[in-house]
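Take a walk through this model, one packing arrangement at a time. Keep the 3D view open as you read.

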Amino acid sequence: MAWFTLYLLNLLCALAGTSIQTQSSCSVPPAQQPLVNNMQMLMENSVFNSIYPNPSVLIAMNLVGPHNLEAQKLLTRQLMDIDTADMTIGQLALTIMALTSSCRDPGNKVSTLQKQMETWAPSSPNAEASSFYGPSLAILALCQKNPETTLPIAARFAKTLLANSSPFNIDTGAMVTLALTCMYNKIPVGSEEGYKTLFGQVLKDTMEKISMRIKDNGIIGDIYSTGLAMQALSVTPKQPNKEWNCQKTMDTVLNDIKLGKFHNPMSIAQILPSLKGKTYLDVPHMSCSPDPEVHPTLPNHPSPVPTMAPNITVKYTINNQLRGVELLFNFTIDVSVKSGSVLLVVLEEAQRKNSTFKFETTMTSWGPIVSSINNIAENVNHKTYWQFLSGKTPLNEGVADYVPFNHEHITANFTQY
């Protein structure tokens, strides 16, 4: 009887378009709300300076209610006009969801995405888990538009996931959960019972793996994967055996916000919905009536480093020891920069001092990533990339966000995953 009651609650909430927290609910204490509001305004103000119209930012803005309506309107217009020809499946899916959250018709973008997913297949039987992130987004976006036509695509996707044995990835697992929860809740009446069994199996397996990554302080994976994981745990119809303490996670996240760990617009966009009790499943049900109250905006970020800041010295090493790559090297340089400078400034100064340290970046939704150093470029086919470490610990922030400390040893290591 309890199971049937839970099933009815899930069904009713899916029909009503609201998120359901099946394990434990949590909320931001009133005293901490200004902290979250300030973070949101930081994200919204990034819209005016960004050369990359970020659909994740618009989704987050619409889910929680925008403070800055001009930023919301500008980003919506940019995404309406954007050329989708060179977009990945994941980027196209996010754009569709972002426009949907702004009550805009995505037009032929939906049919384009559906055709791409009808022919999608992983690059190999055991493709890395991260390669399923974009297709998960696609399943979610298509489910929200037409679950009936998405059903066979989602079923094939779910079977592919079950056959894959690559190491688990938290972000992908969370997005898989959101996508297949949407499908699980919207299986058309009269469809084969096998669909629900299939989706339920993948959801259960995925949630068990996510629950095993919940740390004692409530963080799930790492601080930047926690937002999506919170969404997944709050809506899944298949709860893991390990109980999740949502409020403990919330308290730790709020403490990390105080410590300034959320200043990248993309990191804010992924945590913000969970702080406001929203998930990506709420996207089709947003109210687009104008908000008469427009809150004051914050100054553009990041704030410039004060000119009087003292200098620090950072030891910077570039290393490539991968066999099969024609140029092997290990070079180190000491770089002096202003205290408070981000790592990107260190790289630029190293390049200015010695051309061996020249590098190139590629712009992503998370900001610039280093794609090439000393003429050695990342290669998706070879599964190589430049990994940055502090000492022996991989950095969990990008070069435009991480702030080195005095005498820190930063290594850029050409790595294979």
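**Helices, sheet and hairpin**

The axes of helix 11 (residues 226–235) and helix 13 (residues 265–275) come within 7 Å and cross at roughly 35°. Axes are lines fitted to C-alpha atoms, for helices over the stretch in contact, and angles run from 0 to 180 degrees between N-to-C directions. Helices (H or I, at least four residues) and strands (E, at least two) are DSSP runs, numbered from the N terminus.

The model is predicted: local features need pLDDT of at least 70, side-chain atom pairs count only at pLDDT 80 or more, and totals for chains, interfaces and linings use all residues. Residues are numbered from 1 along each chain as its sequence is written, and side-chain values use heavy atoms, with hydrogens and water left out.

Which residues of helix 11 meet helix 13? They are Thr 226, Gly 227, Leu 228, Met 230 and Gln 231. Their partners in helix 13 are Gln 270, Ile 271, Pro 273 and Ser 274. Contact means heavy atoms within 4.5 Å.

Two strands pair if DSSP finds at least two bridges between them.

Strand 1 (residues 311–320) runs antiparallel to strand 2 over 10 bridges. There, Thr 313 has Ser 336 of strand 2 as its bridge partner.

Through 2 residues it joins strand 3 to strand 4.
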